[in-house]
Each structure stands twice: as structure tokens, then as C-alpha cells.
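Please brief me on this protein model. Cover the fold, the confidence and the surface.

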Amino acid sequence: MKKLLITVVFFITIATYSQQKKEWILINDSEDRTFYIRKRTDDSAWFKTSYKNDKIKERDDSGNDVAVRNSLVLFKFECTNLMMGVLSSLKYDKDGNVITSNNVNELFLQMEYVIPDTNGEFIFEYFCDNN
């Protein structure tokens, strides 16, 4: 009976720990947007941006400008080379409908140098400083 209890506690602990690793972590909250991160691998992570107004627009498949409320971008990082690239990106409207989506095969990913004083540099530094 004691072994069974220890086994159950062990699996509950593992399940809780693995769920915590998959949570979105708030990294910045500003007047117009909120940034979150969810680590994927040792060299990649999802970044979510939630926009608080309708200022950011994206053209949908019908050619209409639609307000973006959330975007998800999967970045790959080369911290030692100061480079990053986009593996996947999705933009959503206020109802959660996908406005645009793009995916790149990792074999064809074009890594680019991080541009100073941009959101890309902020994302890069956050990932590489906390990895």
C-alpha cells in the first residue's frame, strides 16, 4: 500500500511539473501590448503578443485589413552567433480566427542577425539571457 501511495505521488508530481513547463510566462506588459514566452526546445521558443487595441492590421486572404489581437511566433535562436529566425507565425483576430499563418521547414530556415533597438532584440536577449 505504501509503495502504491509513493508511486501515485511520484506521477502526480511529474504531471504537475511538466504542465508548469508549458505555461505562458509574462515577460512584458505595456500600454498597447503584452508579451509572453513558452519555451519549446533549448534553441527555440514560442512568443505570444496580445494587442490591447485595433491599431495593428493585417491583410486577410480576401484582401481586407483585419485588426490583429494576438500573434504567435516560433523563433529559433543561435545565441552565440547573435542570430534568430522565424519557424512559424500566426496572427489572430479578436474572435480567435486565424488571419495569416506561415511555416518554414527548419532545413530552409534563414537565420538573421538581431537588429539593435527592436522588439527582435528584446525577444532575443530575453531568450538567450534566460536559457
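The briefing below starts with the basis of the model and then goes by topic.

This is a predicted model, in which local features need pLDDT of at least 70 and side-chain atom pairs count only at pLDDT 80 or more, while totals for chains, interfaces and linings use all residues. Residues are numbered from 1 along each chain as its sequence is written, and side-chain values use heavy atoms, with hydrogens and water left out.

**Fold**
- The protein chain has two helices and nine strands (DSSP runs: helices are H or I with at least four residues, strands are E with at least two, numbered from the N terminus).
- From the N terminus, the order is α-β-β-β-β-β-β-β-β-β-α.
- Contacts are heavy atoms within 4.5 Å. Of those between residues at least 6 apart in sequence, 42% join residues at least 24 apart.

**Confidence**
- The average pLDDT (the predictor's confidence in each residue, from 0 to 100) is 86, and 84% of the residues score at least 70.
- Where pLDDT is low, the predicted coordinates should not be read in detail.

**Burial and surface**
- Of 131 residues, 30% count as buried (under 20% relative accessible area; exposed is over 50%, partly exposed in between; 1.4 Å probe, protein chains only).
- The accessible surface (Shrake-Rupley method, 1.4 Å probe; for residues, only the protein chains shown count as cover) is about 9400 Å², and 52% of this belongs to carbon and sulfur atoms.
- Leu107 lies in the loop between strand 8 (98-103) and strand 9 (112-113). Leu107 is exposed, at 75% relative accessible area.
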